[in-house]
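Here is a friendly walk through one chain, taken a region at a time. Keep the structure open beside you as you read.

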Amino acid sequence: MRTPNAYAVAVRKADGTIVNISARLPKWSDKYPLLKLPVLRGSAVLVQSMGLGIKALNYSANEAFGDAQEAEAREMKVALTPAVIEGEGDFAGLTGAVPGLFPVPTQRRASDEMKKGGTAAAAGSIVIAMIFNILLFVAAPLLLTNALFIGAGWAPSPATAAANSSPTAGTTPTATDSGNVNSTSGDDWYSRAWQSVKTYLHPVRPSVGFNLIDGVIRMTFFLIMIFSFSLLKDIRRVFEYHGAEHKTVFTWEKGLALTVDNARPQPRQHPRCGTSFLMVVMLVSIALFSVIKFDSLLYNFLVRLALVPLVAGLSYEIIRLSAKKESGWFFKMITRPGVWLQNITTQEPDDQQLEVAIEALKESLKLEPQPVEAAMAPLS
């Protein structure tokens, strides 16, 4: 759970107990005042949230599976002779003495990773995730839309464009022209394949229709990915915890005591959810990418890439405005698709999952310097 100035992670261990860790959020805006400005602050919050999410997953994995690893290590220790373990100093020492024995994570090490460690690993994961998402949601839709427009005849092919621009357009082909055409028919298959690829990747100047289809393809990829994830058993359990988070936030926003009984009847779809944010990103990108009209696939891709932080920042501001009670119908309408999608990304939690979510929110709120307004409620 993340509140405006703090965050907390709660994990139920194998023995049924709940452990947690909490800390104040680093204030990037204090060091870089520009990050307090609208739009810019959204990009900063997104990057920070991604890093915290990866660290939280590492912490929870260490806590959840630490007991099983400790039990396994204790069994291995019994089998060792005193000569081997003498002077080595508990399990950490055994790691260097016995080949193949892995270090057992302890609570201290998990806490260290969450609070101050794991930064390099988190940064690496963020970079990999960003590359994957850029390829899937920026490059692939652009290339597919370009090929679709060429194949459907909605844009001139290279041959048509060359004929229209040629000063001899409309004249009868000469013998030399015919010979060139015939010579290509005997090329190897890979030459013909490469020529076909070049044809479909002939740059198409984006229009309103081009960007709409590009956006639909991007949205389709996103929906297929989310639906596919929901079919996995482990991910479904993550979605149940996601539902527990939302129910807990609704309980707090209504001023009710943070108990399982109060959280159970709350809705699990929340307009300020990360799912809603991603759906808003999809919609904003369609509008913002429409201003790009280069006759070059590379330029169109690079400018779209450069606009990603702006898309994220604008989407963040829309989510913030939609959370206010006085926000108009437009902001509520634009976040509505994300709320619908939460029927997939959130599932009904059990009481034990609600207990964990409540624990995380309580610990995070303890670190808030002053009461948090409803418009700035926790966002999972």
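Predicted model: local features only at pLDDT ≥ 70, side-chain atom pairs only at ≥ 80, totals over all residues.

You will find Val39 in the loop that links α1 (28-31) to α2 (40-79). Its backbone deserves a look: Val39 has a positive phi of about 75°, although it is not a glycine. Most residues other than glycine have a negative phi.

Now for the chain as a whole. It holds 16 helices and 2 strands. Of its 380 residues, 37% are buried. If you take the contacts between residues at least 6 apart in sequence, 73% of them join residues at least 24 apart.

**The hairpin**

How do strands β1 and β2 run relative to each other, parallel or antiparallel? They run antiparallel, and 7 bridges join β1 (residues 6-12) to β2 (residues 18-24). Within this pairing, Val9 stands opposite Ile21 in β2. The hairpin has 5 residues between the strands, and Gly16 takes a positive phi near 95° there.

| Helix pair | Angle between axes | Axis separation |
|---|---|---|
| α13 (residues 274-289) and α14 (residues 297-322) | roughly 125° | within 8 Å |
| α11 (residues 233-253) and α16 (residues 351-366) | about 50° | 8 Å |

Let us start with α13 and α14. Their axes cross at roughly 125°, and α13 and α14 are therefore oblique to each other. The crossing in which α13 passes α14 is right-handed. On the α13 side, the residues in contact are Ser276, Phe277, Val280, Val281, Val284, Ser285, Leu288 and Phe289. Their partners in α14 include Arg304, Leu307, Leu310, Val311 and Ala312. The residues of this α13 and α14 contact divide into 14 nonpolar, 3 polar and 1 charged.

The other pair is α11 and α16. These helices pack at an angle of about 50°, which makes α11 oblique to α16. The crossing of α11 and α16 is right-handed. From α11, the residues that meet α16 are Arg237, Glu240, Tyr241, Ala244, Glu245, Lys247, Thr248 and Trp252. On the α16 side you can pick out Gln353, Leu354, Val356, Ala357, Ile358, Leu361 and Leu365. The residues of the contact of α11 with α16 divide into 9 nonpolar, 2 polar and 4 charged.

Phe277 sits in helix α13. Is Phe277 buried or exposed? Phe277 is buried, because its relative accessible area of 13% falls under the 20% limit. Leaving aside residues up to four places away in sequence, Phe277 touches Leu46, Ala312, Ser315, Tyr316 and Ile319. How far is the C-alpha atom of Phe277 from that of Thr335? The two C-alpha atoms are separated by 7.7 Å, while Phe277 and Thr335 are 58 residues apart along the chain.

Leu212 belongs to helix α10 (residues 208-230). With a relative accessible area of 45%, Leu212 is partly exposed. Leu212 and Ser290 are 78 residues apart along the chain, and their C-alpha atoms are separated by 8.4 Å.

Note on methods: Residues numbered from 1 in each chain as written. Heavy atoms only, no water. Helix = DSSP H or I, 4+ residues; strand = E, 2+ residues; numbered from the N terminus. Axes fitted to C-alpha atoms, helices over the stretch in contact; angles between N-to-C directions. Parallel < 35°, antiparallel > 145°, perpendicular 65-115°, else oblique. Left-handed = near helix turned anticlockwise from the far one by under 90°. Contact = heavy atoms within 4.5 Å. Nonpolar A, V, L, I, M, F, W, Y, C, P; charged D, E, K, R; others polar. Pairing = 2+ DSSP bridges. Buried < 20%, exposed > 50% of the residue type's maximum accessible area, 1.4 Å probe, protein only.
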